[in-house]
Amino acid sequence: MNFLRPTLLTLACLLTLPIAANDLPSLGDASSALISPQQEHQLGRAWLSLVRGQVSQLSDPQLKDFVESSVYRISETSELQDRRLEFVLLDSPQINAFAAPGGIIGVNGGLFLYAQTEAEYASVMAHELAHLSQRHFARGLEAQQRMQIPMMAGMLAGIVAAAAGAGDLGIAAIASTQAAALQEQRRFSRQNEQEADRIGLVNLEKAGYDPRAMPSMFERLMRQYRYDRLPPEFLLTHPVSESRIADTRNRAEQYQGGGASDSLRYQLMRARVQVIYEETPGLAAKRFRAMLTENPKLDAARYGLAIAQIKRSQHQQARETLQPLLSKAPNDIAYNLAQIESDLAANRLPEAQSRVERLLELYPKNYPVNQARVDLLMKQGRIQDAERALDQLLKRRDRDPDIWYLVAEVRGLSGNTVGLHQARAEFFALVGDYDEAIEQLDFAKRRISNNFQLASRIDARQRELIEEQRLIQQMMR
Ligand SMILES: [Zn+2]
């Protein structure tokens, strides 16, 4: 993670330069530079592609699916009007989460390490959704009277820096990049944080969680780092004060209670993250085993042990570890997918196939299940079938670079050269490399002999990408 930071900071500086130099780039007449909600949406997505190109991500389908579905569910009872959300799951063990204009939600893997229950995790996400629903980004710039594209670029740069490990929960880092331009920002930021806590808490309760999880998480973070000379940057830029805790505690206590505090599903996902950030799978196995000795009923620890064993290629042990879980919950997605992963790695393909087929009948639209199907088909050498399965997956995840990456690979193997270059173009655009994306479409066009329709479709897509690139260059000017 650390090696990425210089690049990130460079990018951040690049983006903030015009503002720091107090010399706002001219974008023609000033009114044309005002940001409309549609532009905010576009810029948010353009910015997301820059982040994806700069910060390494976790491409675990189950974790991605959990974050997406949980946040969508929380957003249903939020004040957010525009619920076209996009997600990025960053590969960092530091605690962080952020929201960016245009409906971008970012989460570090580390949030799962720090949030001990699903309600604690949800309290952070509800807080982030509140920043979005209250349009704190636009409102933070009210001192400037109107939101301009370079302003937004500056703010987004702050979030890139935040994504690297600092940050809010975002806003504080943004404040620092804007300090010269916005004297009022500190006060604004504290107000925004209070408001996000307050509105997030209401949302948390409406979404069916125990609202007391929010002050609990704050309290634990504060206790944990009270005497620490070097707390995580998250806490430096986003201080958890006694009064903030007291305030949320008081508000939370006003609710009847009865909300959910945790779920097995969350603990299973948390175990996956713990395996990722443990020094070695061996150490992870040791830790989960110790937890099981203390409490043999801890299903999440048993699951974590199985995942660690699969990582160590101990497939027989993994099967034995998973067996009691699968007999207790034969339809559980996570347990079955773990067994499939182990079977694929151990080349037990017929067994993997029957399990995949059963899961598909139960959960035909589930992303991780469909991903397992593609993995199986690839392993079986059924490339054409894998290509078709991926096309199905693309219908629901056409902005997921992980999927486009795989699509390119599979189309290459199946000899679909035009499709390969198209897929590469989509992948590169999603990770912010527009030059490469546009060039890939040139390659695709050269490969087409006499399919006029396809050629004009590719032309049209190329023009869209050129326009998106122009937008980004405008942001970075
Ligand atoms: Zn915040």
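## The sheet

A97 stands opposite V107 in strand 3. This is a predicted model, in which local features need pLDDT of at least 70, side-chain atom pairs count only at pLDDT 80 or more, and totals for chains, interfaces and linings use all residues. Residues are numbered from 1 along each chain as its sequence is written. Helices (H or I, at least four residues) and strands (E, at least two) are DSSP runs, numbered from the N terminus.

Strands pair if DSSP finds at least two bridges between them.

## Strands 2 and 3

Strand 2 pairs with strand 3 (residues 104-108) in the antiparallel sense, over four bridges. A100 has I104 of strand 3 as its bridge partner. Three residues separate the two strands of this hairpin. There G102 takes a positive phi near 90°.

In a regular strand the side chains alternate between the two faces of the sheet. In strand 2, A97 and A99 point one way, while F98 and A100 point the other way. All four are buried (20 or more other C-beta atoms within 10 Å of the residue's own; 12 or fewer is exposed, in between is partly exposed; C-beta atoms are placed from the backbone).

## Helices on the sheet

## Helix 16

Helix 16 (residues 315-328) has 14 residues. From first C-alpha to last it reaches 20 Å, close to the 20 Å expected at 1.5 Å a residue (1.5 Å times one less than the number of residues). Helix 16 has a kink of about 35° at L322, shortly before the proline P324. The bend is the angle between axes fitted to the seven residues ending there and the seven starting there.

L322 is also buried, as are A318, R319, T321 and L325. Their cover includes helix 15 (299-311) and helix 17 (333-345).

## Helix 21

Helix 21 (residues 401-414) has 14 residues too, and reaches 20 Å, close to the 20 Å expected. Buried here are P401, I403, W404, L406, V407, A408, V410 and R411. Just after helix 21, G415 takes a positive phi of about 80°.

## The whole chain

The chain holds 24 helices and three strands. Of its 477 residues, 48% are buried. Among contacts (C-beta atoms, placed from the backbone, within 7 Å) between residues at least 6 apart in sequence, 64% join residues at least 24 apart.

## Confidence

The mean pLDDT, the predictor's confidence in each residue from 0 to 100, is 83 for the chain. Residues at 70 or more make up 78%. Over residues 142-147 the pLDDT is below 50, and this stretch has 10 contacts beyond near neighbours in sequence. Residues 165-187 also have pLDDT below 50, with 63 such contacts in the model. Where pLDDT is low, the predicted coordinates should not be read in detail.

Notes:
Two residues are in contact if their C-beta atoms, placed from the backbone, lie within 7 Å.
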